[in-house]
Amino acid sequence: MTSRQRSAESNSLSPRRRTVVKAAAATAVLAAPLAAALPARAADEAPAFLHGVASGDPLPDGILLWTRVTPTTEAVPGSGLGPDTEVGWVVAKDKAFTTVVAKGSVTATAASDHTVKADVRGLTPATDYWFRFSAGGTESPAARTRTAPASDAAVANLRFGVVSCANWEAGYFSSYRHLAARGDLDAWLHLGDYIYEYGTGEYGTRDTVVRQHAPAHEILTLADYRIRHGKYKTDPDLKALHAVAPVVAIWDDHEFANDAWSGGAENHTEGTEGAWAARQAAAKQAYFEWMPVRPAIAGTTYRRLRFGKLADLSLLDLRSFRSQQVAVGNGSVDDPDRTLTGRAQLDWLKAGLKSSDTTWRLVGNSVMISPFAIGSLSADLLKPLAELLGLPKEGLALNTDQWDGYTDDRRELLAHLRSHAIRNTVFLTGDIHMAWANDVPVDAGTYPLSASAATEFVVTSVTSDNLDDLLKVPQGTVTALAAPVIQVANRHVHWVDTDRHGYGVLDITADRAQMDYYVLSDKTKANATSSWARSYRTRTGTQKVERTYTPV
């Protein structure tokens, strides 16, 4: 998420709550907060696989497998305790593991928080596999994964789940459960804010902490980030989704701290909370330990995956290299010396889009690239919208944490798409806690007379507060009021739902890329139902979004 200022409840706390946080962080490895990250179990059950298993970053011939072993009772996440433990892994063509195609072992150590990864190669493209781990006579649950199609394969169809912004304390992860139940995903994309860094009750829960995370304080140290990741990995719905399809993940700010940039964050006080460089390094280390993600260029999450001739997927890191966000209204958003991507990443992205020979060029993008002007929203809507987006309360027309705050990078990228006639570029975005279907105009001020260079599908949050939560009104109430005003001021926006929580399903063929938007009945209920809300698609060659009335 972007600057999501703390809720009204948390704003009533002392601005110097960080002194309390610092004291709590200093005791991050005490037994109580560590134990809270795990379900209770008997002392004689070790070793155990309490955090599930996962796979990610599918290749035509390989897949990255992940788990965490708890070798002894005291070896809980973040403790630094526990012996080195040999962990075996096996990959088979069937759930019964009668046809084993690969196996091996890796050592889990306290240095990596007893997490392990196996980067398995030599597999067959576009094939379902089953895998599991073992240690000390204990076997993990079995899980399914899938390799990518061969690079030169003519692929008829791809289907991805798409999610972002999962605040543990705000509700249950029913979106993951419903995606897991589909059984038809080639992979699922997590577009950032897989975890949140705040202390208990400090961030968007519609004034109700549905379930308390661990540790209870704001996470600052390596132990803290490990504990928080460990807590998330105990969620049954998240474990279920990890067990049926590979994930392709990027980070946004809350894997670090709110509104993170290369040299700091809005939710970080240098000195009082230690050095930003140390906190950032701790967050990155824990992320790569706990996520089935291959560290990419310079230890970041920007990398590229290919799915036959149908699509490639460029995944961005929009936190590690960005300049600090600026206030709106001083012209700095247009400063060519400021960057969102960093020079090397932008050049990499441009080169990859230009050289791509696939039908579709997908971009995993953590913050919205489409321009967004507020227009003349009423005061009662503007205030919570400003809080959600981090906008000035007086309602100026930019969210400077998004691409709107770094217009020279966006201008260069869109000009590149136009000048090289690069078609079928689709940005897949999270962060904003709302669902959007957008054209990406070269010049928003003259659109639709100006060209559209790409399209963008934005998915809403899994649980993190959106407008109806901030206003404490029934789900769907605000969209009816705010969406028409937003669309009048932003003619490239085909649809926006400001209220509901859920997920997307992206289905791709040679003719079109279609996003089906699904919404949950109630994020605070563990058994929340899911229903189809809307669908939008972009047809090949058009660079524009259109509504379609049937989900895939």
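1. Basis. The structure is a predicted model, in which local features need pLDDT of at least 70 and side-chain atom pairs count only at pLDDT 80 or more, while totals for chains, interfaces and linings use all residues. Residues are numbered from 1 along each chain as its sequence is written, and side-chain values use heavy atoms, with hydrogens and water left out.

2. Overall make-up. The protein has 12 helices and 22 strands, taken as DSSP runs numbered from the N terminus (helices: H or I, at least four residues; strands: E, at least two). Of the contacts (heavy atoms within 4.5 Å) between residues at least 6 apart in sequence, 72% join residues at least 24 apart.

3. Helix 5 and helix 7. The axes of helix 5 (residues 222–232) and helix 7 (residues 276–290) come within 8 Å and cross at roughly 35°; axes are lines fitted to C-alpha atoms over the stretch in contact, with angles from 0 to 180 degrees between N-to-C directions. The crossing is right-handed (the near helix is turned clockwise from the far one by less than a right angle). Helix 5 contributes Leu222, Tyr225, Arg226, His229 and Gly230, and the residues they meet in helix 7 include Arg279, Ala282 and Trp290.

4. His268. This residue sits in the loop between strand 11 (247–249) and helix 7. His268 is buried, at a relative accessible area of 9%. Its side chain makes a polar contact with the side chain of Arg279 at 3.1 Å and reaches the backbone nitrogen of Trp276 at 3.4 Å. A polar contact is a pair of N or O atoms within 3.5 Å; within protein, one must be able to donate a hydrogen and the other to accept it, and residues adjacent in sequence count only if both atoms are side-chain atoms.

5. Helix 12. Helix 12 (residues 477–489) has a kink of about 30° at Ala483, shortly before the proline Pro484; the bend is the angle between axes fitted to the seven residues ending there and the seven starting there. Ala483 is buried, as are Val478, Thr479, Ala482 and Ile486.

6. Ile508. Ile508 belongs to strand 19 (residues 502–508) and is buried, with a relative accessible area of 0%. Leaving aside residues up to four places away in sequence, Ile508 touches Ala156, Asn157, Leu158, Phe160, Leu310, Trp360, Leu362 and Ala513. Thr538 is 30 residues from Ile508 in sequence and 9.9 Å away, C-alpha to C-alpha.

Methods:
Buried means under 20% relative accessible area, exposed over 50%, partly exposed in between (1.4 Å probe, protein chains only).
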